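Biologist: I am new to this one. Could you walk me through how to read it?

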Amino acid sequence: MAHASAPAPGHSQIIRQKPAFARSFLTVLLSTMVLLVACALYAPSSVSWGALSGSLPFAAIIAIVGLGQLLVVQQGGFDLSLPGAVSLAVVVTTHFPQQQDGLLPVAILIVLGFTLSAGIVNGVLVSIFRLNSIIATIGTNALLYGAVFAVSGGVPSITTPLLAEIAGGSSFGLPNAVFFALGAMGLVSFILKKTVLGRRFEAVGANPLAGQAAGLKVRLYRSMAYVLAQVLYGLAGVLIAGITREPTAFQGDSLLLPSVAVVVLGGTSLLGGRGFPVSTVLAAFFLNQLSQFALAIGVPFSAQTIIQALALGFGIAVYSIKWRPGANKPAGLRRVEEKK
C-alpha cells in the first residue's frame, strides 16, 4: 500500500518545478506593480503616455538582448561579446546603406553573417576548446570592436528612412520595437517550453554530465546557445539603428549589465538550467521603468549603472532566499525536527 500511494518519479519533479515558474513571474510582476504605484505617487511624469512611448523602445531592446543572454546563462555561461555584437550591427546597418533604402536588406544580411560567425566562434571556444565563457567572449568582443572601427572609424552615421520608419515607428498605438521584442519572446518561449529540442537544451544546461550520459549532444546545444544569442544581439542592434537617428559606434556598451540583470530578475539561475523568457521580458520593462523613475525624481543619469547593479543584487538576493519555512536550515537539523 505504501508503494501504491507514492507519487510517480516525474510527478514529484513537476510539483517542485511549478513554484519555480510562479515565483519568478509573480516576483517580477509584483515588483513592477509596486514600482508603477511609486511612479504614480512620486513621479507621475514617468508614467505618462508620452514618457512610456518614448521609453518602451529601449525596454524592448533590453528585453531582446536579455533573451540572448538568457540562452547563454542557461548553459552556465556569460556572453561578454554582447557590446561588440550590438555595436557592429548598428554601424553596419547605418554605414553600409549610406542612407539608401535599397541597400538596407543587404546590410541586414551582412549583420546576420557577422552574428552567426561570432556565435560560432564563441560556441567553438567554449564547447569544443572548453575555454571559460568569460575569457572566450571577451576575446570575441575585441574582434567585433575591431570590425566596428574598420567599418565606421568610430564616426556615427545617420540611419536610412525605411529603417527609421520600421524600427522607430509605431503600430496600434505601440512602438514597433515592442512587437519585435514580443515576437522574440514568443519564439524563444515556444522553442524552450514546447519543443523536444528546448527541453533537451534545458536539461543539458541543468546537468551536462547527465545529458551526455543520456546521449545528448552537449557540445552542440552549448554552441547553439551562443549562436542564437548573437542573432538576437544583431536584431537589437538593427532596431537601435532605426530608433536612434544618429547612433554612436558604441551603442552596445550600456547593454551588458542590463542583459544580465533582467535574466537574474527573471528567475534564471546563473548556474544554468531552466530559463524564463516571459519573466525576463517583464524584468526588462521593470528595469527600464526603474531608470525612468530615478531620472524623474532627480537621480543623475551617471547613476544608472549603480541602479542596474542594485537591481542585479536584488534579483540574486530574492532568488537565493528559500521562502518555505525551515528551508534555510541545515538538512540534518530539519530531519531532527521532523522526527520530533
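Biologist: Which share of the contacts with a separation of 6 or more comes from residues 24 or more positions apart?

Modeller: In this predicted model, such residues account for 79% of the contacts in the protein with a separation of 6 or more.

Biologist: And how many helices and strands are there in the protein?

Modeller: The protein has 15 helices and two strands. Of its 340 residues, 45% count as buried.

Biologist: How should I read a pair of packed helices?

Modeller: Two packed helices are described by the angle between their axes and by the distance between those axes. Here, take helix α5 (residues 104-128) and helix α11 (residues 218-243): they pack at an angle of about 150 degrees, and their axes lie 8 Å apart. Angles over 145 degrees count as roughly antiparallel, so α5 is roughly antiparallel to α11.

Biologist: Is the crossing of α5 and α11 left-handed or right-handed?

Modeller: The crossing of these two helices, α5 and α11, is right-handed. As for the residues of their contact, twelve are nonpolar, eight polar and two charged.

Biologist: What does L255 touch, leaving out residues up to four places away in sequence?

Modeller: On that count, L255 touches I61, I62, V65, L82, V86 and I240. Notice V86 in that list; V86 is the residue named alongside L255 for the most contacts inside the core.

How values were computed: Residues numbered from 1 in each chain as written. Predicted model: local features only at pLDDT ≥ 70, side-chain atom pairs only at ≥ 80, totals over all residues. Heavy atoms only, no water. Axes fitted to C-alpha atoms, helices over the stretch in contact; angles between N-to-C directions. Helix = DSSP H or I, 4+ residues; strand = E, 2+ residues; numbered from the N terminus. Parallel < 35°, antiparallel > 145°, perpendicular 65-115°, else oblique. Left-handed = near helix turned anticlockwise from the far one by under 90°. Nonpolar A, V, L, I, M, F, W, Y, C, P; charged D, E, K, R; others polar. Core = buried A, V, L, I, M, F, W, Y, C linked by side-chain atoms within 4.5 Å. Buried < 20%, exposed > 50% of the residue type's maximum accessible area, 1.4 Å probe, protein only. Contact = heavy atoms within 4.5 Å.
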